[in-house]
Amino acid sequence: MKILIDFHTHTIASGHHTTDTVTQMAEEASERGVLYLGITDHAPKMAGAAAESYFRNLKYSDKRLYGVNVLYGAELNVLNEKGSIDLPGDILRNLDYAIASLHDNVIKPVSESADTAALVAAAENPFVNIIGHPDDSAFSINAEALTDAAKKTGTIIEFNAVGVSPDGYRKNDVAKTIELLLLCKKKGVFVALGSDSHGRNKIARFENCLTILKDINFPSELVLNDKPELFKELVSIKRK
């Protein structure tokens, strides 16, 4: 597979000691042969993240830099069991897409049923296109229930590179990652690889992800990183 898209990256607007701008990120993506770069900065409930006004004004930002098509999204915080998120619909409809994730510095883990309910409810939101790092070991997620919801709602499951990287900041259970992937394979749920690169250094670093996908014989037709037009179509279908 040729990686054309990185769906999940962060700029200086996300905080977390990241200082790179969109322009610097696009320059790096261009050098790595990435044709579409997803800028998905943290939504406001994350400490140090940008305010609503930042996301409201992304529609005026450069859409092409260094030959790279820049997609502007957000990594939303899922706030409760009802799947509430921290940007309103009038902002989200003007973004290219949105990732929704659980972060334990925003919402504390409760139980498998509660944590799963939060992501399932988020998946039902027409503006949530990708569930971010659902294999985060801080939370207990029922993989069957989440993949069922993803299939029903047309939501994409992220395969986040951080959890399978030796130097990753998030400790994931690789067995849990593989369980999710195998269920996506079984049910025909689309998967998006996201580097979760905070700054330019790890854009499109998917070597470990691709090794795992090969090891479990994951069907390439379900991986969206070389299918920009299909991804746009899936976003459009869900918003209808």
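This note goes through the sheet, the salt bridges and the surroundings of one histidine in a predicted model.

1. **Strands 1 and 10.** Strand 1 pairs with strand 10 in the parallel sense. For a place to look, take His10: its bridge partner in strand 10 is His198.

2. **Salt bridges, overall.** The structure holds eight salt bridges. Side chains of opposite charge can pair when their charged atoms come close. The next points take some of these pairs in turn.

3. **Asp20 and Arg200.** These two side chains meet in a salt bridge, at 3.0 Å from N to O. Asp20 sits in the loop between strand 1 (5-10) and helix 1 (22-31). Arg200 sits in the loop between strand 10 (197-198) and helix 7 (207-215). The pair therefore ties together parts that are 180 residues apart in sequence. Asp20 is buried, because its relative accessible area of 10% falls under the 20% limit. Arg200 has a relative accessible area of 26%, so it counts as partly exposed.

4. **Glu144 and Lys187.** Here the closest N and O atoms of the salt bridge are 2.8 Å apart. This pair also links distant parts of the chain. Glu144 belongs to helix 5 (residues 143-153) and Lys187 to helix 6 (residues 174-187), 43 residues apart. Glu144 is partly exposed, with a relative accessible area of 37%.

5. **Glu229 and Lys232.** This salt bridge has its closest N and O atoms 3.9 Å apart. The cut-off is 4 Å, so the pair still counts. Both residues lie in helix 8 (residues 228-239). They are three residues apart, so about one helical turn separates them. Glu229 is exposed, at 51% relative accessibility. Exposed means over 50%. Lys232 is partly exposed, at 39%.

6. Glu52, Arg56 and Asp90 belong to one network. Salt bridges that share partners join them.

7. **His103: where it sits.** His103 is in the loop between strand 6 (99-101) and helix 4 (112-123).

8. **His103: what it meets.** The side chain of His103 has a polar contact of 3.2 Å with that of Glu75. Another polar contact, of 3.4 Å, joins the side chains of His103 and His133. Neighbours within four places in sequence are left aside in the contact list. On that basis, His103 is in contact with His42, Met46, Glu75, Asn77, His133 and Phe139.

Methods. Residues are numbered from 1 along each chain as its sequence is written. This is a predicted model: local features need pLDDT of at least 70, side-chain atom pairs count only at pLDDT 80 or more; totals for chains, interfaces and linings use all residues. Side-chain values use heavy atoms; hydrogens and water are left out. Helices (H or I, at least four residues) and strands (E, at least two) are DSSP runs, numbered from the N terminus. Buried means under 20% relative accessible area, exposed over 50%, partly exposed in between (1.4 Å probe, protein chains only). A polar contact is a pair of N or O atoms within 3.5 Å; within protein, one must be able to donate a hydrogen and the other to accept it, and residues adjacent in sequence count only if both atoms are side-chain atoms. Contact means heavy atoms within 4.5 Å. Two strands pair if DSSP finds at least two bridges between them.
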